[in-house]
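Thanks for asking me to look through this one with you. Here are my comments, in numbered points, for you to check against the model.

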Amino acid sequence: MFMAKKCINTLIISFLSFSLLAQEIDIKQGWKFKQGDNLEWAKPTFNDTDWKAIEVGRNWEFQGYEKYDGYAWYRLKVFIPSSLKKNSTLKDSLKLLLGKIDDHDQIFLNGFKIAENGGMKFTFGTKDNSPGNSAYGIERRYAISTQNPAILWDKENTIAIRVFDQIGGGGMLDGKKYSISMVDHVDDMSIDFNSNPFQFKQNGSFSKTIVLSVNTTNSQNFKGKLLIEATDVITKEIKASYSVIAEFNAKNPFYFEFNLPAYENLIARYSYLDLSSGNGFSESQEVPYILTPAEKPEPKINAAKVFGVKPGSPVLFTVATSGVRPIVFSAENLPTGLSLDAKTGFITGVINSKSETIVKITAKNQYGIDTKNIKISCGDLITLTPQMGWNSWNCWGLAVSDEKVRASAKAMIDKGLINYGWAYMNIDDGWEDKRDEKGVLQPNDKFPNMKKLCDDLHAQGLKVGIYSSPGPQTCGKHVGSYKFEQLDINTWASWGIDYLKYDWCEYSQVYMPNFVMNTPFLKNPKDIVNYQKPYIVMQNAIANVSPKRDIVYSLCQYGWTDVWKWGAMVNGQSWRTTGDIEDNWASMAGIGFSQAPLAAYAKPGRWNDPDMLVVGKVGWGPSLRSSRLTINEQYTHISLWSMLASPLLIGCDMSQLDDFTLNLLKNSEVIALNQDPLGKQAEQKIKNQNFQIWVKQLEDGSKAIGIFNVSDKEQNISVDFKSVGINTVKNVRDVWRQKNLGDFGVYETIIPKHGVKLLRVE
Ligand code: GAL
């Protein structure tokens with residue numbers, strides 16, 4: 001049965017690739033490049049033989065033009081046969097796919113300008129080039145009428161692209177496909193494979209529903225073959241396949257539900273072949289796989305080994321413990337002033353003087369017992385391990401509300417994340433209303449009672465964070481704390497707030513009204529005091545907060561002026577090192593892998609913050625979608641952030657957490673790397689085009705090793721531990737799988753595209 005099905009599929013594949021081959025010209029290769037600007041370069045007659053070859057799909061920064069911003073041109077010569085038109089069903093338009101272009105561009109075909117992107121508020125080539133909106137994220141897809149004289153049928157054509165890069169990476173990048181073909185009905189069709197996530201079944205396999213639809217105003221019926229194939233990316237073996245006839249129209253999409261077996265590293269490819277036109281398209285996606293072992297019923301204390309509090313501040317320390325409830329907690333040697341709730345495992349109270357105490361905690365249930373020594377350090381430092389929690393921004397953006405925070409808090413508890421150390425529930429921008437007559441900043445209608453919200457979350461062992469800006473307004477155009485710093489921090493403390501994210505935003509208006517974002521602006525090193533000033537004002541306000549309270553101070557000014565060098569000086573517990581993260585590889589990997597030079601600045605109580613996590617359902621606004629990071633990219637994201645000793649702030653709607661995302665967030669051994677009391681950030685030991693190796697020194701003398709495949713295909717990687725500074729190796733452990741692999745000096749592994757292996761060695 002399976003064999004028979006496979007045969008049919010093979011036929012379909014060859015049919016599909018043949019038909020695509022005949023009707024599509026691949027234009028990924030053969031591009032030429034030159035920096036500078038000259039409109040003569042648009043002309044087909046221009047002689048570009050001395051131009052350099054360049055790859056499209058990758059920033060020019062990676063191809064020998066490091067840090068180049070400004071103009072550059074790409075040119076390509078390509079033969080366009082009229083058979084393309086003749087063989088097509090709709091004979092109207094030629095389709096040109098050029099990927100994304102960073103930031104602005106004009107596209108010429110045989111000297112005719114056929115498109116222009118990028119806000120174009122600035123004028124090409126003039127001095128008045130105040131940057132327009134970057135068109136960086138937009139896929140360049142064009143339909144050019146077959147009647148257009150710009151197209152030279154059965155002749156050589158010249159495509160010339162004039163690019164203007166404002167800042168950062170530049171050029172033609174990120175194209176799924178670079179091609180010339182004919183516009184067809186299939187261009188209006190799409191396969192939605194994101195709206196319905198993979199559903200885990202008891203035996204580890206999945207069920208999944210995909211939807212094939214067409215976006216057209218007519219009522220035409222379509223019929224074609226839908227082929228689904230799940231292939232092991234490493235062995236190339238096909239592990240499951242389905243082929244069905246799909247009939248659908250604009251009103252009635254075609255739904256197809258299927259099952260996939262539980263394997264690591266499967267790619268599901270969904271292909272559609274239209275029976276009338278012979279055209280098709282395909283999409284693919286990585287299939288989730290769970291690496292974190294199932295939770296055991298017996299207690300396991302996952303809380304970090306150290307906890308810091310200041311003398312006189314109220315303590316709330318939840319002894320994060322997994323295992324079946326009820327669990328009975330007890331403690332030996334608790335410092336005076338603190339008590340432990342035997343049922344909940346919450347330690348509360350106040351310590352009045354500086355001290356360091358090793359407390360022996362025991363957690364016991366009907367299945368077993370666990371004990372752990374935890375150091376309670378009462379002194380000047382808090383967040384002795386990186387903050388762990390949730391923040392509303394990457395999911396809800398300005399649409400955050402009391403209800404949404406509570407829903408995520410509920411999931412934090414119901415789904416057991418609190419038992420792994422996740423604690424802070426941080427409200428980002430969007431909670432603020434006006435100041436009352438006394439100047440007290442009021443929450444808006446979405447937050448009926450902040451104190452009650454804080455009380456309710458504290459009662460469940462969680463902590464609460466808030467957001468503001470040192471400027472008159474926040475980035476979301478809400479009221480900021482400028483000139484009300486002490487009043488604001490006191491108000492928040494009276495509600496019971498435990499954490500402040502303090503975001504530069506409109507402070508620029510105070511300090512330099514003509515400030516332009518994205519412009520390197522620290523012209524005079526003495527200027528640095530102006531960047532520090534608002535953070536010192538709030539530092540002092542926090543120091544004088546009344547009622548007394550420990551409030552984590554998280555600086556957010558996007559890493560300007562090397563904040564890691566002075567964040568500790570203004571008593572910040574963490575400082576954002578970059579601009580905002582997005583849920584794509586370029587953003588996540590770009591941020592994560594660029595943290596290497598900052599390693600020396602991370603230490604207990606002082607953390608580099610490469611921004612919040614982008615796993616699960618995110619969206620920055622009222623409507624959410626699944627993270628666009630692939631499965632392996634998500635493993636890399638969590639592994640890298642753990643290795644970097646970064647604050648871990650979940651950015652998704654927790655009430656919609658799926659099993660895969662939970663597996664990412666509930667791996668006690670991965671979290672333990674992040675929460676290691678030594679507080680070292682991993683060092684980048686090997687960096688090449690294909691992979692990177694990072695090593696993190698841990699408190700007990702062992703080391704964590706992250707091997708990251710940063711290339712676009714699977715890599716066979718062999719690591720001689722000596723080459724990354726580890727001479728004696730014992731007990732190599734796979735951290736995600738929580739399995740010992742043995743003793744060896746050279747480790748060989750195959751890692752899929754953008755994936756990771758995380759090891760711990762003694
Ligand atoms: C940005 C900040 C984001 C988010 C947002 C709120 O400046 O980097 O993380 O807080 O403001 O408006």
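Which residue in β27 stands opposite V328? Keep that in mind while you look at the model, which is a predicted one.

1. **The pair β24 and β27.** The residue opposite V328 is K364 in β27. Strand β27 covers residues 355–365, and five bridges join β24 to β27.

2. The strands belong to an open sheet of four, in the order β21-β28-β27-β24, with mixed pairing. At its edges are β21 (306–309) and β24 (328–332); each has a single partner strand, so one side of each is without a neighbour in the sheet. On average, neighbouring strands here are turned by 30° against each other, direction ignored.

3. How far is a polar side-chain atom of D428 from an oxygen atom of the ligand? The distance is 2.7 Å. For D429, an N or O atom of the side chain lies 2.9 Å from a ligand oxygen. With Y558, the corresponding side-chain distance to an oxygen atom of the ligand is 3.4 Å. The ligand exposes 310 Å² when taken alone, and the protein buries 95% of that.

4. **Y558 again, this time for its backbone.** Y558 is found in the loop between β35 and β36 (574–576). Its phi is near 65°, a positive value in a residue other than glycine. Most residues other than glycine have a negative phi. Is Y558 buried or exposed? With a relative accessible area of 13%, Y558 is buried, because the cut-off for that class is under 20%.

5. **H754, with a positive phi as well.** Phi of H754 is near 60°, and H754 is a residue other than glycine. The residue lies in the loop between β47 (746–751) and β48 (756–761). H754 has 4% relative accessibility and therefore counts as buried.

6. **Two cis peptide bonds.** Most peptide bonds are trans. A cis bond joins D102 and D103, with omega about 5°; D103 is found in the loop between β5 (93–102) and β6 (104–109). The bond from S546 to P547 is cis too, and its omega is near 0°. P547 has its place in the loop between α8 (528–543) and β35 (552–556).

7. **Strand β12 and its two faces.** Which residues of β12 (residues 189–192) make up the covered face? They are M189 and I191, while S190 and D192 form the uncovered one. Strand β12 pairs with β14 (residues 206–214) in the antiparallel sense, over four bridges. Within this pairing, D192 of the uncovered face stands opposite V211 in β14.

Terms used
Residues are numbered from 1 along each chain as its sequence is written. This is a predicted model: local features need pLDDT of at least 70, side-chain atom pairs count only at pLDDT 80 or more; totals for chains, interfaces and linings use all residues. Side-chain values use heavy atoms; hydrogens and water are left out. A polar contact is a pair of N or O atoms within 3.5 Å; within protein, one must be able to donate a hydrogen and the other to accept it, and residues adjacent in sequence count only if both atoms are side-chain atoms. Accessible areas come from the Shrake-Rupley method with a 1.4 Å probe; for residues, only the protein chains shown count as cover. Buried means under 20% relative accessible area, exposed over 50%, partly exposed in between (1.4 Å probe, protein chains only). Two strands pair if DSSP finds at least two bridges between them. Axes are lines fitted to C-alpha atoms, for helices over the stretch in contact, and angles run from 0 to 180 degrees between N-to-C directions.
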